[in-house]
Structure formats: C-alpha cells, structure tokens
Amino acid sequence: MNNPAATQPEVWLRGPLPDMPALLQPVAHALLQAREELEAELHRFPDALLWQRPAGVASVGFHLQHLAGVLDRLLTYARAEQLSPAQLAYLGAEGKPGQTTASTAELLQAFSQQVERALAQLRATNPATLAEARGVGRAQLPSTVLGLLVHAAEHTMRHLGQLLVTARVLQAGAGQ
C-alpha cells in the first residue's frame with residue numbers, strides 16, 4: 001500500500017473538502033489524516049501483536065477499538081442523543097481482547113467506516129447549531145456541538161499518536 005503522507009501534503013494542506021461547512025473543515029481534515037496514517041502504518045501490522053501491552057501501555061487493539069467507539073459516542077452526543085445499549089456494550093468491551101476476534105484489518109475497517117459516518121454528519125451539520133448546548137454522558141456534563149466535534153478530532157489524533165508509537169515499539173521488538 002502506498003503511503004499518501006509520503007507523496008502529498010497532509011490532508012489539511014490539500015484544500016477544502018467539498019460540501020463541508022467551513023468551520024468544520026479542520027475536524028474533517030483531522031479525521032481523514034488519522035485514517036490515512038493508520039492505514040499506511042498498520043496495513044502489515046501482525047494480528048499476533050494486536051493486544052500486547054509493552055511497558056503496560058494500552059494495546060494497539062484497544063486504541064483501534066477506542067478510536068471507532070469514541071468517535072461514534074461523541075457524534076451521538078453532538079446530535080443531542082443518548083448512547084444506545086449497543087454503544088454501551090461496545091464501550092464495555094473496548095480493550096478486552098477476549099471480547100473480540102477482530103483482526104487488525106477489521107478494526108481498521110471499522111474505524112474507516114466510522115470516519116465516513118462522521119464526515120456525513122459533519123456535512124449535514126448546520127453551522128448555526130455549533131454553539132448549541134449538549135450534555136455529555138449520564139451526568140450530562142456541559143459541552144456544545146462544536147466542542148464535541150473538535151474534541152472528536154483532538155481525541156482521535158491523541159490516540160493515533162499513542163497507537164503509532166506502541167505499534168512501532170512492538171514491531172521493533174518483534175524484529176519487523
């Protein structure tokens with residue numbers, strides 16, 4: 001697989017995305033950048049290393065599950081909805097290797113599909129709603145539509161960085 005990052009500028013430097021509200025372009029760019037980097041770096045990542053935790057840090061498998069799950073949850077809150085039983089079950093299974101038999105490729109695909117759903121939601125978001133209040137979680141902690149969407153991008157990039165470092169450490173230790 002070619003590494004798009006090696007042949008073209010980062011996503012945010014490629015110009016605006018079609019039909020994406022201007023204020024949400026940075027969120028979309030970050031999600032697309034994360035997807036590209038994950039696909040480029042993990043396309044040959046061995047499933048045998050997916051749940052290993054070097055020095056006790058979170059596993060690559062956890063990060064991949066969490067990336068898809070947290071994006072789904074934050075977008076749900078941005079729509080002023082509560083989490084479904086399926087979303088709560090997914091949250092409870094994150095990072096537990098015995099709860100899934102998904103491969104690296106399947107976890108990458110799940111994140112990619114979640115990014116597509118996020119992009120569709122971003123495109124459909126009316127910029128006039130960005131300052132609207134939204135409650136987060138059972139405690140309904142205060143946020144806004146924009147706060148949730150920006151946090152989705154920021155949180156994704158934070159976990160991407162942690163995941164990539166862990167993956168490299170594991171692959172170096174395995175002689176790959």
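Me: Where is A55 found?

Reply: In this predicted model, A55 is found in the loop between α2 and α3.

Me: Is A55 exposed or buried?

Reply: A residue counts as exposed when its relative accessible area is over 50%. At 86% relative accessibility, A55 therefore counts as exposed.

Me: Where does P54 lie, and with which residues is P54 in contact, leaving aside its neighbours within four places in sequence?

Reply: P54 lies in the loop between α2 and α3. Leaving aside neighbours within four places in sequence, its contacts are with T166, V169 and L170. As for separation along the chain, P54 and E39 are 15 residues apart, and their C-alpha atoms are separated by 22 Å.

Me: Let us turn to the packing of helices. At what angle do helix α2 and helix α6 pack, and how far apart are their axes?

Reply: Helix α2 (residues 25-42) and helix α6 (residues 145-173) pack at about 15°, and their axes are 9 Å apart. An angle under 35 degrees counts as roughly parallel, and α2 and α6 are therefore roughly parallel to each other. The crossing of these two helices, α2 and α6, is left-handed.

Me: Which residues make the contact of α2 and α6?

Reply: From α2, the contact is made by V27, A30, L31, Q33, A34, E37, L38, E41 and L42. From α6, the residues include L149, V150, A152, A153, T156, M157, L160 and L163. By class, this contact of α2 with α6 has 15 nonpolar, two polar and three charged residues.

Me: In which helix does Q33 lie, and is Q33 buried or exposed?

Reply: Q33 lies in helix α2. Buried means a relative accessible area under 20%; the value for Q33 is 6%, so Q33 is buried. Its side chain is joined to the side chain of E37 by a polar contact of 2.9 Å. Not counting residues up to four places away in sequence, Q33 touches E10, V11 and M157. The C-alpha atoms of Q33 and T156 are separated by 9.9 Å, although the two residues are 123 residues apart along the chain.

Me: How do the axes of helix α3 and α6 cross, and within what distance do they come?

Reply: The axes of helix α3 (residues 60-78) and α6 cross at roughly 175° and come within 9 Å. Angles over 145 degrees count as roughly antiparallel, and α3 and α6 are therefore roughly antiparallel to each other. The residues of the contact of α3 with α6 divide into 18 nonpolar, eight polar and no charged.

Me: Which residues does Y77 touch, not counting residues up to four places away in sequence?

Reply: Y77, which lies in helix α3, touches L83, R134, G135, V136, G137 and L148 when residues up to four places away in sequence are not counted. Y77 has 10% relative accessibility and so counts as buried. Its C-alpha atom is separated by 16 Å from that of L67, 10 residues apart along the chain.

Me: In which helix is Q65 found, and is Q65 buried or exposed?

Reply: Q65 is found in helix α3, and its relative accessible area is 5%, so Q65 is buried. Leaving aside neighbours within four places in sequence, Q65 is in contact with W51, Y90, A93, E94, G95, K96, T100 and L107.

Me: Finally, where is T125 found, and which backbone oxygen does the side chain of T125 reach?

Reply: T125 is found in the loop between α5 (104-124) and β1 (133-136). The side chain of T125 reaches the backbone oxygen of Q121 at 2.7 Å. Not counting residues up to four places away in sequence, T125 touches P21, L24, L130 and V145.

Technical notes. Residues are numbered from 1 along each chain as its sequence is written. This is a predicted model: local features need pLDDT of at least 70, side-chain atom pairs count only at pLDDT 80 or more; totals for chains, interfaces and linings use all residues. Side-chain values use heavy atoms; hydrogens and water are left out. Axes are lines fitted to C-alpha atoms, for helices over the stretch in contact, and angles run from 0 to 180 degrees between N-to-C directions. Helices (H or I, at least four residues) and strands (E, at least two) are DSSP runs, numbered from the N terminus. Angles under 35 degrees count as roughly parallel, over 145 as roughly antiparallel, 65 to 115 as roughly perpendicular and the rest as oblique. A crossing is left-handed if the near helix is turned anticlockwise from the far one by less than a right angle, and right-handed if clockwise. Contact means heavy atoms within 4.5 Å. Ala, Val, Leu, Ile, Met, Phe, Trp, Tyr, Cys and Pro count as nonpolar, Asp, Glu, Lys and Arg as charged, and the others, Gly among them, as polar. A polar contact is a pair of N or O atoms within 3.5 Å; within protein, one must be able to donate a hydrogen and the other to accept it, and residues adjacent in sequence count only if both atoms are side-chain atoms. Buried means under 20% relative accessible area, exposed over 50%, partly exposed in between (1.4 Å probe, protein chains only).
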